[in-house]
Amino acid sequence: MSHRPRSGLYAVSTALLAMSRHLEVRDVLKTIVASARELLDAEYAALGVPDDHGGFAQFVVDGVSDEQWRAIGPLPRQHGILAAMLRAAKPERLADVRKDPRFEGWPAAHPDMSDFLGLPIKDGEETIGALFLANKRCPEEAARRDGCGFTEADEELLTILAQHAAIALTNARLYERSRELTIAEERSRLAHELHDAVSQKLFSLRLTAQAAAALVDRDPVRAKGELQQVAVLAAEAADELRAAVVELRPAALDEDGLVHTLRTQVQVLDRAHSARVTFDGGGVRALPAAQEEAVLRVAQEALHNALRHSGADLVAVGLARRGQGAVLTVADDGKGFDPGAVRRAGRHLGLVSMRDRASGVGGMLTVESAPGKGTTIEMEVPGG
(Lines give C-alpha, C1' and ligand atoms only; values in the text may rest on other atoms or scores of the structure.)
Protein backbone atom coordinates (compact mmCIF):
# COMPACT_ATOMS: atom_id res chain seq x y z
CA MET A 1 0.00 0.00 0.00
CA SER A 2 1.34 3.42 -0.92
CA HIS A 3 1.81 6.27 1.51
CA ARG A 4 -0.89 8.49 -0.04
CA PRO A 5 -3.92 6.23 0.66
CA ARG A 6 -2.79 5.68 4.26
CA SER A 7 -2.39 9.41 4.70
CA GLY A 8 -5.79 10.07 3.15
CA LEU A 9 -7.59 7.51 5.34
CA TYR A 10 -5.89 8.87 8.45
CA ALA A 11 -6.94 12.40 7.52
CA VAL A 12 -10.54 11.28 6.93
CA SER A 13 -10.58 9.44 10.25
CA THR A 14 -9.26 12.52 12.05
CA ALA A 15 -11.91 14.70 10.39
CA LEU A 16 -14.74 12.29 11.32
CA LEU A 17 -13.61 12.13 14.94
CA ALA A 18 -13.50 15.93 15.09
CA MET A 19 -17.07 16.18 13.77
CA SER A 20 -18.36 13.62 16.27
CA ARG A 21 -17.12 15.68 19.25
CA HIS A 22 -19.58 18.50 18.68
CA LEU A 23 -23.33 18.71 19.26
CA GLU A 24 -24.04 22.37 18.46
CA VAL A 25 -25.03 22.89 14.81
CA ARG A 26 -22.74 25.90 14.37
CA ASP A 27 -19.77 23.99 15.83
CA VAL A 28 -20.47 21.03 13.54
CA LEU A 29 -20.62 23.27 10.47
CA LYS A 30 -17.31 24.94 11.35
CA THR A 31 -15.64 21.57 11.94
CA ILE A 32 -16.88 20.16 8.63
CA VAL A 33 -15.57 23.17 6.69
CA ALA A 34 -12.18 23.24 8.41
CA SER A 35 -11.81 19.46 8.02
CA ALA A 36 -12.67 19.56 4.31
CA ARG A 37 -10.23 22.40 3.63
CA GLU A 38 -7.40 20.64 5.47
CA LEU A 39 -8.21 17.23 3.99
CA LEU A 40 -8.04 18.41 0.39
CA ASP A 41 -5.43 21.15 0.96
CA ALA A 42 -7.63 23.90 -0.46
CA GLU A 43 -7.20 27.63 0.00
CA TYR A 44 -10.90 28.26 0.64
CA ALA A 45 -13.84 26.21 1.91
CA ALA A 46 -17.48 27.02 2.65
CA LEU A 47 -20.65 25.23 3.70
CA GLY A 48 -24.15 26.56 3.15
CA VAL A 49 -27.39 25.36 4.73
CA PRO A 50 -30.22 26.41 2.41
CA ASP A 51 -33.39 28.07 3.62
CA ASP A 52 -36.80 27.94 1.95
CA HIS A 53 -36.54 31.39 0.38
CA GLY A 54 -33.72 31.11 -2.15
CA GLY A 55 -30.94 31.95 0.30
CA PHE A 56 -28.93 30.29 3.02
CA ALA A 57 -30.04 29.96 6.63
CA GLN A 58 -26.39 29.48 7.62
CA PHE A 59 -23.16 29.93 5.69
CA VAL A 60 -19.77 29.10 7.21
CA VAL A 61 -16.40 29.82 5.58
CA ASP A 62 -12.79 28.84 6.26
CA GLY A 63 -9.75 30.56 4.74
CA VAL A 64 -11.37 33.99 4.69
CA SER A 65 -10.54 36.48 7.44
CA ASP A 66 -13.26 38.15 9.51
CA GLU A 67 -12.43 41.49 7.87
CA GLN A 68 -12.76 39.99 4.38
CA TRP A 69 -16.03 38.29 5.30
CA ARG A 70 -17.52 41.54 6.59
CA ALA A 71 -16.39 43.35 3.46
CA ILE A 72 -18.00 40.74 1.18
CA GLY A 73 -21.43 41.65 2.54
CA PRO A 74 -24.69 39.70 2.93
CA LEU A 75 -24.94 35.93 2.68
CA PRO A 76 -24.97 34.63 -0.90
CA ARG A 77 -28.17 33.72 -2.66
CA GLN A 78 -28.78 30.36 -4.30
CA HIS A 79 -27.77 31.29 -7.80
CA GLY A 80 -25.23 30.25 -10.42
CA ILE A 81 -23.15 27.19 -9.58
CA LEU A 82 -24.49 27.01 -6.02
CA ALA A 83 -28.10 26.87 -7.16
CA ALA A 84 -27.34 24.31 -9.89
CA MET A 85 -25.57 22.06 -7.42
CA LEU A 86 -28.40 22.26 -4.87
CA ARG A 87 -31.07 21.56 -7.50
CA ALA A 88 -29.25 18.69 -9.21
CA ALA A 89 -27.84 17.37 -5.93
CA LYS A 90 -24.67 16.11 -7.62
CA PRO A 91 -20.97 16.97 -7.37
CA GLU A 92 -19.47 19.80 -9.44
CA ARG A 93 -15.73 19.71 -10.24
CA LEU A 94 -14.51 22.58 -12.39
CA ALA A 95 -11.04 23.53 -13.61
CA ASP A 96 -12.01 27.22 -13.55
CA VAL A 97 -15.34 28.28 -12.09
CA ARG A 98 -15.04 31.69 -13.74
CA LYS A 99 -15.27 30.11 -17.22
CA ASP A 100 -18.39 28.12 -16.49
CA PRO A 101 -21.48 29.55 -18.30
CA ARG A 102 -23.42 29.44 -15.02
CA PHE A 103 -20.93 31.69 -13.24
CA GLU A 104 -22.55 35.02 -12.30
CA GLY A 105 -19.64 36.79 -10.62
CA TRP A 106 -19.11 37.73 -7.00
CA PRO A 107 -18.81 40.86 -4.83
CA ALA A 108 -15.78 43.14 -5.23
CA ALA A 109 -14.26 42.11 -1.89
CA HIS A 110 -14.65 38.39 -2.67
CA PRO A 111 -11.31 36.54 -3.06
CA ASP A 112 -10.46 35.39 -6.58
CA MET A 113 -11.13 31.68 -7.12
CA SER A 114 -10.43 29.35 -10.00
CA ASP A 115 -10.61 25.55 -9.57
CA PHE A 116 -13.73 24.47 -7.73
CA LEU A 117 -15.17 21.36 -6.10
CA GLY A 118 -18.66 21.26 -4.64
CA LEU A 119 -20.79 18.47 -3.16
CA PRO A 120 -24.29 18.37 -1.71
CA ILE A 121 -24.77 17.09 1.84
CA LYS A 122 -27.83 14.85 1.82
CA ASP A 123 -30.00 13.24 4.48
CA GLY A 124 -31.77 10.57 2.48
CA GLU A 125 -33.32 12.41 -0.46
CA GLU A 126 -33.19 15.81 1.23
CA THR A 127 -30.30 18.17 0.50
CA ILE A 128 -29.49 19.72 3.86
CA GLY A 129 -26.33 21.57 2.85
CA ALA A 130 -23.70 22.15 0.21
CA LEU A 131 -19.93 21.98 0.67
CA PHE A 132 -17.64 24.05 -1.55
CA LEU A 133 -13.86 24.11 -1.98
CA ALA A 134 -11.76 26.39 -4.17
CA ASN A 135 -8.11 26.88 -5.18
CA LYS A 136 -6.35 23.57 -4.66
CA ARG A 137 -2.81 24.04 -3.35
CA CYS A 138 -0.18 22.17 -5.38
CA PRO A 139 3.63 22.01 -5.31
CA GLU A 140 5.14 24.36 -7.89
CA GLU A 141 6.75 21.49 -9.85
CA ALA A 142 3.47 19.60 -10.12
CA ALA A 143 1.59 22.75 -11.07
CA ARG A 144 4.04 23.51 -13.88
CA ARG A 145 4.00 19.92 -15.13
CA ASP A 146 0.36 18.88 -14.83
CA GLY A 147 -1.52 22.02 -13.90
CA CYS A 148 -3.32 22.23 -10.58
CA GLY A 149 -6.86 21.46 -9.59
CA PHE A 150 -9.09 19.04 -7.71
CA THR A 151 -8.84 15.43 -8.82
CA GLU A 152 -11.20 12.48 -8.93
CA ALA A 153 -9.49 11.16 -5.79
CA ASP A 154 -10.21 14.48 -4.07
CA GLU A 155 -13.86 14.14 -5.03
CA GLU A 156 -14.00 10.62 -3.60
CA LEU A 157 -12.49 11.77 -0.29
CA LEU A 158 -14.88 14.70 -0.06
CA THR A 159 -17.82 12.40 -0.83
CA ILE A 160 -16.91 10.24 2.18
CA LEU A 161 -16.62 13.34 4.34
CA ALA A 162 -19.95 14.71 3.08
CA GLN A 163 -21.75 11.45 3.89
CA HIS A 164 -20.55 11.55 7.49
CA ALA A 165 -21.12 15.28 7.66
CA ALA A 166 -24.79 14.60 6.94
CA ILE A 167 -24.95 12.29 9.95
CA ALA A 168 -23.16 14.76 12.22
CA LEU A 169 -25.34 17.67 11.09
CA THR A 170 -28.56 15.67 11.48
CA ASN A 171 -27.53 14.56 14.98
CA ALA A 172 -26.69 18.15 15.94
CA ARG A 173 -30.09 19.34 14.73
CA LEU A 174 -31.84 16.61 16.71
CA TYR A 175 -29.81 17.53 19.79
CA GLU A 176 -30.72 21.21 19.51
CA ARG A 177 -34.37 20.35 18.99
CA SER A 178 -34.29 18.06 22.03
CA ARG A 179 -32.66 20.84 24.06
CA GLU A 180 -35.35 23.30 22.98
CA LEU A 181 -38.03 20.86 24.12
CA THR A 182 -36.22 20.33 27.43
CA ILE A 183 -36.00 24.08 28.01
CA ALA A 184 -39.72 24.39 27.29
CA GLU A 185 -40.43 21.58 29.75
CA GLU A 186 -38.27 23.24 32.41
CA ARG A 187 -40.05 26.55 31.99
CA SER A 188 -43.41 24.80 32.21
CA ARG A 189 -42.27 23.08 35.41
CA LEU A 190 -41.16 26.40 36.87
CA ALA A 191 -44.48 27.99 35.96
CA HIS A 192 -46.31 25.21 37.82
CA GLU A 193 -44.01 25.60 40.82
CA LEU A 194 -44.52 29.35 40.92
CA HIS A 195 -48.27 28.81 40.81
CA ASP A 196 -48.27 26.06 43.45
CA ALA A 197 -45.74 27.54 45.85
CA VAL A 198 -45.81 31.33 45.53
CA SER A 199 -49.55 31.59 44.89
CA GLN A 200 -50.28 29.53 48.00
CA LYS A 201 -47.93 31.69 50.05
CA LEU A 202 -49.57 34.88 48.79
CA PHE A 203 -53.05 33.48 49.46
CA SER A 204 -52.03 32.62 53.05
CA LEU A 205 -50.43 36.04 53.34
CA ARG A 206 -53.66 37.77 52.35
CA LEU A 207 -55.80 35.74 54.77
CA THR A 208 -53.36 36.34 57.63
CA ALA A 209 -53.27 40.08 56.93
CA GLN A 210 -57.08 40.17 56.92
CA ALA A 211 -57.17 38.34 60.26
CA ALA A 212 -54.67 40.80 61.73
CA ALA A 213 -56.76 43.75 60.55
CA ALA A 214 -59.89 42.27 62.19
CA LEU A 215 -58.08 41.76 65.51
CA VAL A 216 -56.33 45.12 65.81
CA ASP A 217 -59.07 46.78 67.87
CA ARG A 218 -60.40 43.93 70.03
CA ASP A 219 -57.26 41.80 70.57
CA PRO A 220 -54.01 43.69 69.86
CA VAL A 221 -51.82 40.86 71.21
CA ARG A 222 -53.25 38.31 68.76
CA ALA A 223 -53.10 40.91 65.98
CA LYS A 224 -49.38 41.32 66.66
CA GLY A 225 -48.89 37.56 66.36
CA GLU A 226 -50.75 37.51 63.03
CA LEU A 227 -48.59 40.36 61.74
CA GLN A 228 -45.46 38.45 62.67
CA GLN A 229 -46.81 35.53 60.65
CA VAL A 230 -47.36 37.91 57.74
CA ALA A 231 -43.65 38.78 57.86
CA VAL A 232 -42.69 35.08 57.85
CA LEU A 233 -44.95 34.29 54.88
CA ALA A 234 -43.67 37.31 52.93
CA ALA A 235 -40.07 36.19 53.47
CA GLU A 236 -40.89 32.66 52.30
CA ALA A 237 -42.62 34.00 49.18
CA ALA A 238 -39.57 36.16 48.42
CA ASP A 239 -37.31 33.10 48.82
CA GLU A 240 -39.44 31.11 46.36
CA LEU A 241 -39.30 33.93 43.83
CA ARG A 242 -35.54 34.35 44.15
CA ALA A 243 -34.97 30.63 43.63
CA ALA A 244 -37.22 30.62 40.56
CA VAL A 245 -35.42 33.63 39.08
CA VAL A 246 -32.08 31.83 39.46
CA GLU A 247 -33.41 28.92 37.41
CA LEU A 248 -35.04 31.13 34.79
CA ARG A 249 -32.07 33.44 34.27
CA PRO A 250 -29.76 32.23 31.45
CA ALA A 251 -26.41 31.14 32.84
CA ALA A 252 -23.45 33.20 31.67
CA LEU A 253 -21.38 30.19 30.67
CA ASP A 254 -19.80 31.86 27.64
CA GLU A 255 -18.67 34.87 29.65
CA ASP A 256 -17.94 33.41 33.09
CA GLY A 257 -17.23 29.71 32.57
CA LEU A 258 -18.74 26.72 34.33
CA VAL A 259 -16.95 27.00 37.70
CA HIS A 260 -17.80 30.69 38.23
CA THR A 261 -21.39 30.21 37.05
CA LEU A 262 -21.96 27.27 39.39
CA ARG A 263 -20.36 29.07 42.32
CA THR A 264 -22.56 32.14 41.75
CA GLN A 265 -25.76 30.11 41.57
CA VAL A 266 -24.85 28.15 44.70
CA GLN A 267 -24.22 31.41 46.59
CA VAL A 268 -27.64 32.75 45.58
CA LEU A 269 -29.38 29.51 46.60
CA ASP A 270 -27.51 29.50 49.90
CA ARG A 271 -28.96 32.93 50.68
CA ALA A 272 -32.44 32.04 49.46
CA HIS A 273 -32.93 28.80 51.43
CA SER A 274 -32.67 27.76 55.05
CA ALA A 275 -30.44 24.81 54.14
CA ARG A 276 -26.72 25.51 53.81
CA VAL A 277 -25.53 25.16 50.20
CA THR A 278 -21.78 24.90 49.52
CA PHE A 279 -19.58 24.69 46.43
CA ASP A 280 -16.09 23.25 45.97
CA GLY A 281 -14.55 23.41 42.51
CA GLY A 282 -11.01 23.78 41.35
CA GLY A 283 -8.56 22.60 38.70
CA VAL A 284 -11.30 21.90 36.15
CA ARG A 285 -10.36 22.58 32.55
CA ALA A 286 -12.76 24.28 30.18
CA LEU A 287 -15.08 21.65 28.68
CA PRO A 288 -16.83 21.64 25.29
CA ALA A 289 -19.81 24.02 25.33
CA ALA A 290 -22.42 21.24 25.17
CA GLN A 291 -20.84 19.42 28.11
CA GLU A 292 -20.63 22.57 30.26
CA GLU A 293 -24.30 23.31 29.64
CA ALA A 294 -25.29 19.71 30.45
CA VAL A 295 -23.30 19.80 33.71
CA LEU A 296 -24.91 23.10 34.70
CA ARG A 297 -28.45 21.87 33.97
CA VAL A 298 -27.93 18.63 35.88
CA ALA A 299 -26.57 20.60 38.83
CA GLN A 300 -29.64 22.87 38.75
CA GLU A 301 -32.04 19.91 38.64
CA ALA A 302 -30.24 18.10 41.46
CA LEU A 303 -30.19 21.27 43.57
CA HIS A 304 -33.89 21.80 42.91
CA ASN A 305 -34.68 18.29 44.17
CA ALA A 306 -32.48 18.62 47.24
CA LEU A 307 -33.76 22.03 48.30
CA ARG A 308 -37.46 21.47 47.59
CA HIS A 309 -38.02 17.82 48.46
CA SER A 310 -35.28 16.35 50.66
CA GLY A 311 -35.58 18.44 53.82
CA ALA A 312 -31.77 18.63 53.90
CA ASP A 313 -29.79 20.85 56.25
CA LEU A 314 -26.72 20.72 53.98
CA VAL A 315 -26.36 20.42 50.21
CA ALA A 316 -22.77 20.15 48.92
CA VAL A 317 -21.93 20.75 45.26
CA GLY A 318 -18.53 19.64 43.99
CA LEU A 319 -16.84 19.92 40.59
CA ALA A 320 -13.50 18.18 40.11
CA ARG A 321 -11.19 17.24 37.28
CA ARG A 322 -11.14 13.57 36.26
CA GLY A 323 -8.77 12.70 33.42
CA GLN A 324 -9.52 14.99 30.48
CA GLY A 325 -13.04 15.57 31.75
CA ALA A 326 -14.80 16.45 34.97
CA VAL A 327 -17.13 15.01 37.59
CA LEU A 328 -20.01 16.86 39.23
CA THR A 329 -21.31 15.79 42.64
CA VAL A 330 -24.46 17.05 44.39
CA ALA A 331 -24.89 15.48 47.83
CA ASP A 332 -27.47 16.23 50.53
CA ASP A 333 -28.12 14.96 54.06
CA GLY A 334 -31.90 14.87 53.57
CA LYS A 335 -34.48 12.15 53.93
CA GLY A 336 -33.38 10.25 50.81
CA PHE A 337 -35.55 7.87 48.81
CA ASP A 338 -35.64 4.41 47.27
CA PRO A 339 -34.72 4.85 43.57
CA GLY A 340 -36.35 1.54 42.67
CA ALA A 341 -39.62 2.47 44.36
CA VAL A 342 -39.60 5.85 42.61
CA ARG A 343 -39.25 4.15 39.21
CA ARG A 344 -42.01 1.63 39.98
CA ALA A 345 -44.35 4.43 41.08
CA GLY A 346 -43.83 6.25 37.78
CA ARG A 347 -42.13 9.21 39.46
CA HIS A 348 -38.63 10.23 38.48
CA LEU A 349 -37.73 13.50 40.29
CA GLY A 350 -36.01 14.71 37.12
CA LEU A 351 -33.70 11.67 37.06
CA VAL A 352 -34.70 10.71 33.51
CA SER A 353 -33.91 14.15 32.10
CA MET A 354 -30.62 14.24 34.04
CA ARG A 355 -29.59 10.85 32.65
CA ASP A 356 -30.58 11.97 29.14
CA ARG A 357 -28.47 15.11 29.49
CA ALA A 358 -25.47 13.11 30.66
CA SER A 359 -25.69 10.46 27.93
CA GLY A 360 -26.34 13.15 25.31
CA VAL A 361 -22.81 14.50 25.81
CA GLY A 362 -21.10 11.14 26.23
CA GLY A 363 -21.26 11.23 30.02
CA MET A 364 -22.69 9.04 32.77
CA LEU A 365 -24.98 9.74 35.72
CA THR A 366 -25.20 7.70 38.93
CA VAL A 367 -27.64 8.12 41.82
CA GLU A 368 -27.09 6.82 45.34
CA SER A 369 -29.90 7.20 47.86
CA ALA A 370 -31.85 5.35 50.54
CA PRO A 371 -34.57 6.39 52.99
CA GLY A 372 -32.98 8.38 55.81
CA LYS A 373 -29.54 8.29 54.18
CA GLY A 374 -29.55 11.38 51.98
CA THR A 375 -28.86 11.46 48.24
CA THR A 376 -25.72 11.75 46.12
CA ILE A 377 -25.92 12.45 42.38
CA GLU A 378 -22.73 12.16 40.35
CA MET A 379 -22.27 13.09 36.70
CA GLU A 380 -19.04 12.41 34.81
CA VAL A 381 -18.27 13.91 31.37
CA PRO A 382 -15.29 12.97 29.17
CA GLY A 383 -14.05 16.44 28.18
CA GLY A 384 -12.82 17.32 24.71
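Okay, a quick definition to start: buried means under 20% relative accessible area, exposed means over 50%, and partly exposed is in between, with a 1.4 Å probe and protein chains only.

What you see is a predicted model, where local features need pLDDT of at least 70 and side-chain atom pairs count only at pLDDT 80 or more, while totals for chains, interfaces and linings use all residues. Residues are numbered from 1 along each chain as its sequence is written, and side-chain values use heavy atoms, leaving out hydrogens and water.

So, the sheet. Five strands make an open, antiparallel sheet, ordered β2-β1-β5-β4-β3. Strands here are DSSP runs of E, at least two residues, and helices are runs of H or I, at least four, numbered from the N terminus; two strands pair if DSSP finds at least two bridges between them. At the edges sit β2 (56-62) and β3 (92-94), each pairing on one side only. Look at β4 (residues 116-123) and β5 (residues 126-136): eight bridges join them. Within that pair, phenylalanine 116 is opposite alanine 134.

Now the disulfide, meaning a pair of cysteine sulfur atoms within 2.5 Å. The count is one: cysteine 138 with cysteine 148, sulfurs 2.0 Å apart. Cysteine 138 is in the loop between β5 and α5 (140-146), and cysteine 148 is in the loop between α5 and α6 (152-215), ten residues apart. Which hand does the disulfide have? The S-S torsion is about 85 degrees, so it's right-handed.

And those cysteines? Cysteine 138 is partly exposed at 30%, and cysteine 148 is also partly exposed, at 32%.
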